[in-house]
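Dear colleague,

Here is the structure I promised to hand over, with my notes on what was found in it. Please keep it open beside this message while you read.

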Amino acid sequence: MKLKPLFESQNLRLTSIDLDKDSQVIASWTYDLDIARRLREEPARPLPAFEVKKIYEKWQKEAEDNKQFLFAIRRRDDDAVLGVVRIAHIAWVHGAAFLDLILGSPQDWQACAREALELALRYAFDELSLFRVTAVVAEHNQAAKDLFHQAHFTLEVRQREAIYWNKRSWDKLWFGLLRPEWKMQQMAEVNA
Amino acid sequence: MNAEKFAGKLVRLAVLDPEKDSELWARWNRDSEYQQLLDWGPSKLYSPAQAREWIEKGNAGSFTFSIHSLADDRIVGFIDLDGINWTAGDGWLGVGIGEREYWGKGYGSDAIQILLRFAFEELNLKRISLNVFEYNERAIKCYEKLGFQHEGRQRQLLNRFDRRWDMLYMGILRSEWEAKNSSN
């Protein structure tokens, strides 16, 4: 039986989070309030590195108890941290969880989001044996909407005007991917 | 006393009484159907002491009330507003009627009306969200009647009673609530 590595892909690696070093980098991303919003409850604001470190410390503890799973996304070439991926709010009884993918810059999103998502989904479905994952996206985040559509997620819920950003209300979109749908894609890729 | 805001036609909402409500919550949880309609986690049993500790610990971000029947002042359930996003003006509603003889008689619905009024008129929220299991048909009908709109469903989210079920999401905007209440 040939096993695919879970933590490596062509250009990326999933690694543990280096609380000291990575918190500095992640904190620098939080001037993008859409990223800040993913780290703590509203109102979103830029976060200093020490607060980011506290948040990830707490999440790391939860990860030790398998309550969530948390990885830094690094470029293989130079080991730079480009993003973070988190599988959280896991309901083991139902095999359901939320997936939260962050990449620090729009350029890295453009270049790496698809590859990072593939790694995260392989982990969620193959390693955690989940039945479904949910990704919550703000209506104004076109790049994220495109990604989840490309990855064959289904737009399942549209909470009207549930987000406030840049002077107005936007819908909160919930995308879902089921295990059988993901399996079908894997088969299609193998056969292609 | 200015409690009219927290009273409706059948019920009034009151702050939790750690001693009384903890006893009731522990007893209601022995009714597994109640839990299976209310919560997506595995049904559990808590002692009154555990429930009391939970109530007394409180949660600064949430508003939890007990629901009292106006006729006999009996506590029949609870209602809760939490997960509030103050920037967007969105909050999540949860409601449970623990006393079975009060099921399907409009008590939950009346309590929700009071909470919506509080949320929109006092907290200045713009919308209220909720989710409900596909198999909880009585609750879905109640939310529809109150003016909540269907906003989608997480497909096959729940693994229960030997099959998978959807989780339904519903929401009501303040404008919808105002329109509905001015026409009544």
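In which helix of chain A does A:Phe148 lie? A:Phe148 lies in helix α5, which spans residues 142-150 of chain A. Please bear in mind throughout that the model is a predicted one. With a relative accessible area of 4%, A:Phe148 is buried, since the cut-off for that word is under 20%. Its C-alpha atom is separated by 9.0 Å from that of A:Leu177, a residue 29 positions away along the chain.

Next come the strands of chain A. Strand β1 (residues 12-15) and strand β2 (residues 69-75) run antiparallel and are joined by four bridges, and within this pairing A:Thr15 has A:Ala72 as its bridge partner. Strand β2 of chain A also pairs in the antiparallel sense with strand β3 (residues 81-91), this time over six bridges, and here A:Phe71 is partnered by A:Val85. Because six of the seven residues of β2 in chain A are buried, this strand is largely enclosed by the rest of the structure.

Some backbone details deserve a careful look. As background, most residues other than glycine have a negative phi, and most peptide bonds are trans. A:Asp79, however, is not a glycine and has a positive phi of about 70°; it sits in the hairpin of β2 and β3 of chain A, which has five residues between the strands, and its relative accessible area of 36% makes it partly exposed. A:His89, which is likewise not a glycine, has a positive phi of about 50°, but this residue is found in strand β3 of chain A and, with a relative accessible area of 55%, is exposed. The peptide bond from A:Glu42 to A:Pro43 is cis, with omega near -5°, and A:Pro43 is found in the loop between α2 (33-36) and α3 (49-64) of chain A.

As for the aromatic side chains, the structure holds 28 aromatic pairs over all chains. In chain A, one aromatic cluster is formed by A:Phe7, A:Phe69, A:Phe71, A:Trp92 and A:Tyr123.

Two arginines of chain B lie over aromatic faces: B:Arg163 over that of B:Trp165, at 3.6 Å from the ring centre, and B:Arg164 over that of A:Phe131, at 3.8 Å from the ring centre.

Lastly, there is a helix pair in chain A. The axes of helix α4 (residues 106-127) and helix α6 (residues 179-191) come within 11 Å and cross at roughly 120°, and the two helices are therefore oblique to each other. The crossing in which α4 passes α6 in chain A is left-handed.

With best wishes

Technical notes: Residues numbered from 1 in each chain as written. Chains lettered and ligands numbered in written order. Predicted model: local features only at pLDDT ≥ 70, side-chain atom pairs only at ≥ 80, totals over all residues. Heavy atoms only, no water. Buried < 20%, exposed > 50% of the residue type's maximum accessible area, 1.4 Å probe, protein only. Pairing = 2+ DSSP bridges. Phe/Tyr/Trp six-rings, centres within 6.5 Å; stacked < 30°, edge-to-face > 60°. Lys NZ or Arg CZ within 6 Å of the ring centre and 35° of its normal. Axes fitted to C-alpha atoms, helices over the stretch in contact; angles between N-to-C directions. Parallel < 35°, antiparallel > 145°, perpendicular 65-115°, else oblique. Left-handed = near helix turned anticlockwise from the far one by under 90°.
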